[in-house]
Amino acid sequence: MRSSLLSRVPILRMGSLLLVTIQVDMHDRLAMTLQDDLTERIVKDRANGVLIDISALDIVDSFIGRMISNTASMARILDARTVVVGMQPAVAITLVELGLTLEGVSTALNVDQGIKLLQCPGKDRDKAKHLSV
Amino acid sequence: MLREINQMNATADDTTVVPLRSDHDVVSLRIMVRECLESFGFGLIEQTKMITATSELARNTVRYGGGGESEVAVVSEDGRRGLRVSFVDHGPGIANVGLALTDGYSTGNGLGLGLSGAKRLADEFDLKTELGQGTTVVITKWKPF
């Protein structure tokens, strides 16, 4: 428990993408550290996409939600797109009731689909979606 | 039989008080509330809503109330049981409760969804505050019949 206070969330590089899997109970300082680390790594690794896997998170409250939104905004300014993957249904339901819409954040159901989303450039994405239906 | 047990427990039984001074305490409280809700047989969605509300209010206690404590209690009323979580601080209090409960209003740098969001997520929400004395927020989640 206490070790999670000192730990950081690891950021993995996969080609031009950065992959973050959040597997610890997020406390506020950890969320802030992750936001800083990610923006730094986007520049350092010249990443053009960020995948944040939150499938292990059992809650997303307004603070973590804001961290995700802010990270996506910062990444966009740094020419990288962010996709949040693996949100649990109960978390999604709670987020909406909380009043958090995660505007500007793309989502996908799992890492595979998230990678596909990041590899499709902006406009073709919607087309690709329509075609697949 | 069930009714008898509930009447016996007419007031709060099983009360636990934990400190709320740091980010770490907020996480510990969330884990404790989840364990209580789980052992009570609450569904996953109800658990998630109550834990999220707990997280918002615990953060308020730490950040705006200058720290305080939380009381987690099993409560019974009219044959139903629930979990009640209180957040007590002796901080500056809230000057304008109506405004504080408005979506998007924040005196800090948050989103202003903490109080109003927690109110929506809990079944019952009660807020008492006095300037210079502190704030107490109590939320309850009832187990559906």
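Reader: What makes β4 and β5 of chain B a pair of strands?

Author: Seven bridges join strand β4 (residues 124–130) of chain B to β5(B), and the two run antiparallel. Two strands pair if DSSP finds at least two bridges between them, so seven bridges meet the condition. One bridge in this pair links B:Glu130 with B:Gly134 of β5(B). In the hairpin of β4(B) and β5(B), three residues stand between the strands, and B:Gly132 takes a positive phi near 80°. Residues are numbered from 1 along each chain as its sequence is written, while chains are lettered from A and ligands numbered from 1 in the order in which they are written.

Reader: Which way does β3 of chain B run against β5(B), and how many bridges join them?

Author: Strand β3 (residues 80–89) of chain B is joined to β5(B) by eight bridges, and these strands run antiparallel. By the rule of at least two bridges, they therefore pair. In β5(B), B:Lys141 stands opposite B:Leu83.

Reader: Which residues of β5(B) are on the covered face, and which on the uncovered one?

Author: In a regular strand the side chains alternate between the two faces of the sheet. In β5(B), residues 134–142, the covered face holds B:Thr135, B:Val137, B:Ile139 and B:Lys141. B:Gly134, B:Thr136, B:Val138, B:Thr140 and B:Trp142 are on the uncovered face.

Reader: How many helices and strands does chain B have, and what makes a stretch count as one?

Author: Helices (H or I, at least four residues) and strands (E, at least two) are DSSP runs, numbered from the N terminus. Chain B has five helices and five strands. Their order from the N terminus is α-β-α-α-β-β-α-α-β-β.

Reader: Why is A:Asp79 called exposed?

Author: A residue is buried if 20 or more other C-beta atoms (placed from the backbone) lie within 10 Å of its own, exposed if 12 or fewer, and partly exposed in between. A:Asp79 has 11 C-beta neighbours inside 10 Å, so it counts as exposed. This residue is in the loop between α3 and β4 of chain A, and its phi is positive, about 65°, although it is not a glycine.

Reader: Why is A:Leu102 not called exposed as well?

Author: A:Leu102 has 18 C-beta neighbours inside 10 Å, so it is partly exposed. A:Leu102 too has a positive phi, of about 50°, without being a glycine. Its place is in the loop between α4 and β5 of chain A.

Reader: What makes two residues count as in contact, and how many of chain A are in contact with chain B?

Author: Two residues are in contact if their C-beta atoms, placed from the backbone, lie within 7 Å. By this rule 19 residues of chain A are in contact with 22 residues of chain B. Helices α2, α3 and α4 of chain A each supply at least two residues of the side of chain A that touches chain B. The most come from α4(A), with six residues.

Reader: Which residues of chain A have a pLDDT under 50?

Author: Residues 1–5 of chain A stay under 50, and the model has three contacts beyond four places in sequence for them. Where pLDDT is low, the predicted coordinates should not be read in detail. Chain A as a whole averages a pLDDT of 86, and 86% of the residues score at least 70.

Definitions and conventions: pLDDT is the predictor's confidence in each residue, from 0 to 100.
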